[in-house]
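Have a go at each one before you read its solution.

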Amino acid sequence: MASLSVVVPVYNGARFIADNVARILTYLEARGEGELVVVDDGSSDATADIVRAAFGAGRTSVSRRLISTPVNQGKGHAVRQGLLAARGELRLFVDADLTYPCENFRRIETALLAGADLAIASRVHTDSRYLMAPEFFRHVYTRHHLGRVFNALVQLAAVPGLSDTQAGLKGFRKSAAMSLLPKVTMNRFAFDVELLYLARRARLSIEEVPVTFIYCKEPSSLQLARDGGRMLRDLWTIRRRAGRGDYDHATYRSQPDTDEAAANTSE
């Protein structure tokens, strides 16, 4: 059995992180081995202490590590730290709120073991399923079409042929993670797009897998407009960097670059 590392980036997750750490540890225990790496992205609440307490539940067959950054630098930065520090031959990251429940991990593993270099969740795969409370029904139509418009722009600008670049569940073979992540420079909204763009440039195989997705939160209209504007700007940045040849010799920089400085606020 290939070793598996699960990376969880979290920011101010004190309300939910203990239960979700327990769920992931239970999954890895049932699997028979594994590693959980939680990256606390400069939380201002008790997230780190709660994670440490959740780690001390007496389980022994699963390795557990907490990485803490002193200030919030963005999900992309946290994911990059966790995946590079991980030890597994297979490595995946998942959103800390587990809107992609642990049963989805097996699908990522299966795709990687079958030969994919990257396996990414697709919420619009024909076999994917949404779970949601009735109060969110009225939002689905609008959010779906906004998402399709953004994905069309992403495909046109950077990664043609991928139906869902932004899903918060992605898996990697160790070799793919170690070759790609040092070249990723974006810390926030376009981290996933830049990562997949680089994977395509490297001619790595990417498989989209169906998932069960829990629709449990709805951004405000202001947040959607603000984040959409940032994403469009970041897409332009990726195209500009590619045109200049920056990715031919890019190496990760630990501090935000000038293209992202304006967006360096907590996610």
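Buried means under 20% relative accessible area, exposed means over 50%, and partly exposed lies in between (1.4 Å probe, protein chains only). This is a predicted model, where local features need pLDDT of at least 70, side-chain atom pairs count only at pLDDT 80 or more, and totals for chains, interfaces and linings use all residues. Residues are numbered from 1 along each chain as its sequence is written, and side-chain values use heavy atoms, with hydrogens and water left out.

**Exercise 1.** Decide whether Thr47 is buried or exposed, then find its contacts.

*Solution.* Start with the location: Thr47 sits in helix 2 (helices are DSSP runs of H or I, at least four residues; strands are runs of E, at least two; both are numbered from the N terminus). Next, accessibility: Thr47 has 0% relative accessibility, so Thr47 counts as buried. Now look around: leaving out residues up to four places away in sequence, Thr47 touches Val10, Asn12, Gly13, Ala14, Ile17 and Asp40 (contact means heavy atoms within 4.5 Å).

**Exercise 2.** Work out the strand order of the open sheet and which strands stand at the edges.

*Solution.* Trace the 7 strands: the order is 3-2-1-4-7-5-8, with mixed pairing (two strands pair if DSSP finds at least two bridges between them). Strand 3 (62–69) and strand 8 (206–210) have a single partner strand each, so one side of each lacks a neighbour in the sheet. Finally, zoom in: strand 2 (residues 34–41) pairs with strand 3 in the parallel sense over 8 bridges, and Val39 stands opposite Ile67 in strand 3.
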